[in-house]
Amino acid sequence: MKLARLFGIALVIALVAAAFGLPRPIQAQDELVIGYILVGPQNDKGWSQAHFEGAEYVEKMIPGVKKIVLDKLNGADRPNVTLEQVVESMVEQGAKLIFTTSDEFGPDTLKAAEKFPDVIFIHVSGDGVLKKVAPPNVGNVMGKMEYMKQVAGCAAALKTQTNSIAYLGPLINDETRRLAASVYLGARYCFEKYRGGKAADLTFEVKWIGFWFNIPGVTLDPTEVANGFFNGGADVIVSGIDTTEGTVVAKQRADKGEKVFAIPYDFQGACEIAPEICLGTPYFHWGPSYVNIVKAVKEGTWKPAWDWLSPDWSDINNPDTSNLGFVKGAALSEDEGKIIDAFIAALGDGSVNLFTGPLNFQDGTVYLKEGEVATDEQIWYLPQLLEGMKGESKPAN
Amino acid sequence: MMLLPLLVSLILMGIILSSLGKDAGAALERFLSGALGTPNARVDVIMLAVPMLLCASGLLLTYTAGLWNIGVEGQVTMGAIFATIIARSITQEDTSPFIVPAELLLAAVGGALWAALAALLRIHAKVNEIFGGVALNFISVNILLWLLNGDWKVGTYPQTADFNTPALLPRLEGTRFSPLGIGLAVGAWLLVFWALNHGGKKLVIPGLNRVPVVGPILALGVRLLNFLAPRGTRWGLQLRAIGRSPRSASLLGVRVNRHILLSMIACGALAGITGAVQAIFVRGRLSPGISGGIGFMGVLIVLLVNIRPLWVPLIALFFALVPIGSLKLASSLDPAVQIDASLGNVFQGVLVLGVLLANGLRERAARKRKENIP
C-alpha cells in the first residue's frame with residue numbers, strides 16, 4: 001500500500017507539473033502548417049492513401065510547408081475522438097489550413113470552421129459551398145471522377161465474357177450514385193460499340209456495403225460481397241469502396257483458375273497487389289489541386305469555392321498537372337488498351353458525352369430528354385441509379 | 001501496487017518506440033504536455049474519465065459480489081438507445097428543465113433492464129453471467145444497428161441526426177466542460193464508496209497539503225471519504241460476503257439471489273447512464289459503437305484496483321489520459337514523436353497485464369507464506 005500511495009502522489013505531482021510547466025513549440029514566420037484529416041489508414045492503397053500522398057506532394061513542391069496528418073478518424077478506430085478535438089490539436093500547433101478528406105466530416109467541418117474563423121478548411125468531396133451553407137472560410141474540392149469511372153466501365157465491358165459486371169459500392173449518396181452510374185454508362189457504351197452487344201444483354205449489378213470501408217459488425221463484409229458477385233456469374237468487379245477487397249478476392253479466384261478481373265479505385269498504385277487480373281485503376285491525384293489551394297492560401301488570394309476539377313486531357317496521368325487519371329492494368333491486351341486510349345481521347349475532346357439524353361432513371365422516369373446534356377449539378381445530385389442497372393437507388397429507409 | 005508494472009510498461013514502450021526510430025523521451029513529454037498542456041485537453045481528459053468512472057462505479061458493486069458483469073458493454077449500449085428515445089424527439093425550441101434528467105433516468109432503466117436479464121439468466125437458468133453477458137452484448141449491438149439502419153437513420157450514414165442542444169448534457173459556454181457530468185460520476189462513485197466501504201480503514205496521504213492548488217482540494221475530499229467510510233452499509237457487507245462465498249453467505253441468512261439481482265440492476269443503471277453520457281455528451285448523436293469500449297474499460301479499471309473503490313477515480317483519470325495523449329502524439333507536428341495512436345492501447349494493455357500479473361504473484365506469495373506457518 002505504501003508503494004501505491006507513493007505512486008499516487010508521484011502521479012498527481014507529475015500531472016500538475018505537466019499541466020503548468022511544459023513549453024510550447026514556437027513557429028517560424030513564413031512557415032505554413034497544414035492539417036490533413038483522413039477517415040481511413042494512410043496506407044490503405046485507396047482513398048486515404050491518395051490524400052496522404054497529396055500531402056507529401058505539397059510538402060515536396062512548396063518550401064516552408066509542414067504537415068500534420070491524422071488518419072483513421074472513424075467510429076471504429078477512434079470511438080471517443082471527435083473532429084473538433086483533432087482540429088483543435090492541429091490549430092494549437094499552428095495549423096492555418098486543414099483538409100478534411102471524407103464526405104461524413106461535412107457537418108463537423110462546418111461547425112469547426114465557425115469555431116476557428118481564422119483557419120481555412122477544405123472539405124474534400126463536399127458541397128457546403130455549392131449549397132451556400134458553409135461559412136466563408138470553407139472550400140470544397142473534388143475531381144470529376146465520373147470520366148475515369150466511365151473509362152473503368154469501358155474496360156470492364158471489353159473484358160467480360162459472361163456479360164455481367166458487378167459494382168462493389170460503399171454507401172448510398174449523391175456521389176456514389178453518380179459514380180456507379182458513370183461506370184454503367186461507360187460499360188454500356190463500349191459493350192455496344194466495341195463488342196457488338198445489346199444494352200439489354202449486359203448485366204450490371206450494384207451492391208452497397210454500407211460504409212467507405214469494411215467495419216466488422218457494422219457493414220457488409222466486402223470480401224463476402226465480392227465472392228457473391230463471382231458466384232452469381234459476374235466476371236469483372238469494379239470497386240467503388242476505399243479499400244482493396246474486390247481486387248484481393250478476384251486474385252484469389254483467378255489463382256484457382258477462374259477467369260475473373262477487377263478494377264480497383266482511388267489510388268494510383270492499387271493494381272500492384274494483383275497486376276495479372278487488374279484491368280486498370282481510376283485514381284485521384286490530389287497533389288496538383290492541393291498545391292494550387294496551398295499557394296493561394298500562402299499568397300492570401302484564396303477565395304471560398306466549390307471546385308469540381310477535370311483531368312488534364314492532354315495527359316491524364318501527368319502527376320504535375322492532372323487531378324485524376326486512369327492507369328491501364330496489365331490484364332488489358334494491347335488492342336483493348338488502344339480502345340481505352342481512343343475512348344479517353346473522345347471523352348477529352350468532347351466528341352463523346354455519355355451524360356446525354358435519352359437517359360431514364362431506374363424507375364423508368366426521364367432523367368435526360370433526347371439530346372439533352374446534363375449540367376454539372378444534374379450529375380452531382382443524381383437522385384437515382386439509371387435504367388438498366390440492378391441494385392438499390394436509395395437506402396432501405 | 002502499480003509502480004513496478006508502470007515502470008515495466010514504460011520501459012517496454014520505450015523499447016518499442018526506439019525500435020520504430022522514435023524519440024521515446026520526447027514522445028513521453030509530448031504525451032503528457034499534449035494531454036495536460038492546454039485547458040481544452042485537460043477538460044477532455046476529465047470528461048473522458050466521467051463515463052469511465054460512472055461505469056467502473058457500477059462494476060464495483062457486481063465485482064464485490066463476485067459477479068463478472070461482462071455484459072456491461074451491452075448495458076451501456078442499451079442506456080444510449082433508451083436516452084435516444086427521448087433525445088431524438090427534442091427540438092431546438094424545447095426548454096423544459098426535465099429533458100436531460102428524463103433522458104438519464106430512462107437510460108438508467110434501459111441499462112438496469114438489460115442487466116436484470118443477465119442476472120435472471122444466472123439465477124433461474126444457471127447461465128453464468130459471463131456467457132449471458134457476452135450474448136446480451138451481441139444482441140444489444142444488433143438492436144443498435146437495426147435501429148440505426150432503420151427507423152432512426154437520418155441521412156447517408158447509419159446514425160441519428162445530431163441531437164438539438166436542449167437534449168444535450170449542458171456544458172459551459174464555448175467549452176466541452178460539463179459540471180453536471182462530473183457531478184453525476186463523482187456522486188455515483190461516492191455512493192458506491194459509501195455502500196461498499198463497511199468499516200473501511202482511514203485514508204492518510206501525507207504531505208498532500210503541500211501540493212499547490214490541487215492538494216488542499218484533494219485533502220478535503222479525503223476528509224469527506226474518511227467521514228463516510230466507516231459508516232458503510234449492511235448491503236455492502238452482504239455483497240462482500242456473497243463475493244467471498246455465496247454458499248456460506250446463504251447459510252448465514254443472506255438472500256443471495258436477491259442481492260445478485262440488486263447489484264446487477266444497480267450496476268446496469270449506472271452503465272445505462274454511462275451510455276446516455278456517450279450519446280448526449282461525447283457524440284451528440286446515436287451512432288454505431290456508441291459504447292466506445294467504455295464498459296470494458298470499466299472492467300479493466302475495477303480489476304486493476306482489485307475492487308477497491310478508493311483508487312477508481314485516479315485510475316479512470318489515468319486511463320482517460322491515454323486516448324487523449326495518444327491523439328496528441330498521432331496528430332503531432334514533429335515527425336519524431338508522430339506515433340500511431342494504437343500504441344497507446346498497447347501501452348494500456350501492457351500496463352493492465354503487468355498489474356494483474358503482479359497481483360497474482362503477490363497473492364501466490366501470500367498463500368505460500370500462510371502454508372508455511374505450522
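Modeller: Let's begin with one definition: two residues are in contact if their C-beta atoms, placed from the backbone, lie within 7 Å. Keep in mind too that this is a predicted model.

Colleague: Thanks! Could we try that on two helices? Which residues of H9(B) meet which residues of H11(B)?

Modeller: From H9(B) come Gln238(B), Leu239(B) and Ile242(B). Facing them in H11(B) are Val256(B), His259(B), Ile260(B) and Ser263(B).

Colleague: And how do I describe the way two helices pack?

Modeller: Two packed helices are described by the angle between their axes and by the distance between those axes. Here, helix H9 (residues 234-244) of chain B and helix H11 (residues 256-283) of chain B have axes that come within 10 Å and cross at roughly 110 degrees. Angles of 65 to 115 degrees count as roughly perpendicular, so H9(B) is roughly perpendicular to H11(B).

Colleague: Now for sheets. How do strands hold together?

Modeller: Strands of a sheet pair through backbone hydrogen bonds, either parallel or antiparallel.

Colleague: In what order do the six strands of the open sheet in chain A come?

Modeller: The order is E2-E1-E3-E4-E5-E11 (chain A), and the pairing is parallel. E2 and strand E11 (306-309) of chain A stand at the edges with a single partner strand each, so one side of each is left without a neighbour in the sheet. Neighbouring strands of this sheet are turned by 20 degrees against each other on average, direction ignored.

Colleague: Which helix packs on this sheet, touching E1, E2 and strand E3 (95-100) of chain A?

Modeller: That is helix H3 (residues 83-92) of chain A, and its direction makes about 150 degrees with that of E3(A).

Colleague: Can we zoom in on one pair of strands? How many bridges join E1 and E2 of chain A?

Modeller: Six bridges join strand E1 (residues 32-37) to strand E2 (residues 65-70) of chain A, and the two run parallel. Looking along the pair, you will find Gly35(A) opposite Ile68(A) in E2(A), and Tyr36(A) opposite Val69(A) in E2(A).

Colleague: Which helix belongs with E1(A) and E2(A) in a β-α-β unit?

Modeller: Helix H2 (residues 47-61) of chain A; together the three elements make a right-handed unit.

Colleague: Let me look at the sheet of four strands in chain A. What is its order?

Modeller: This open sheet runs E7-E6-E8-E9 (chain A), with parallel pairing. Strand E7 (203-208) and strand E9 (261-263) of chain A are its edge strands, each pairing on one side only. From one strand to the next the twist averages 20 degrees. Strand E8 (residues 236-239) of chain A pairs with E9(A) over three bridges, and Val236(A) stands opposite Phe261(A) in E9(A). Two helices to find here are H5(A) and H7(A). Helix H5 (residues 145-159) of chain A packs on the sheet and touches strand E6 (164-169), E8 and E9 of chain A. Helix H7 (residues 222-231) of chain A also packs on it, touching E6, E7 and E8 of chain A.

Colleague: Is Ser125(A) buried or exposed?

Modeller: A residue is buried if 20 or more other C-beta atoms lie within 10 Å of its own. Ser125(A) has 22 such neighbours, so it counts as buried. Ile307(B) also has a positive phi, near 60 degrees, and lies in the loop between helix H12 (294-304) and helix H13 (312-330) of chain B. With 20 other C-beta atoms within 10 Å, Ile307(B) is buried.

Colleague: And which two residues does the cis peptide bond in chain A join?

Modeller: Gly357(A) and Pro358(A), with omega about 5 degrees. Pro358(A) is in the loop between helix H10 (334-349) and strand E13 (359-360) of chain A.

Key
Residues numbered from 1 in each chain as written. Chains lettered and ligands numbered in written order. Predicted model: local features only at pLDDT ≥ 70, side-chain atom pairs only at ≥ 80, totals over all residues. Pairing = 2+ DSSP bridges. Right-handed = clockwise from strand over helix to strand, strands pointing away. Axes fitted to C-alpha atoms, helices over the stretch in contact; angles between N-to-C directions. Buried ≥ 20, exposed ≤ 12 C-beta atoms within 10 Å, placed from the backbone. Parallel < 35°, antiparallel > 145°, perpendicular 65-115°, else oblique.
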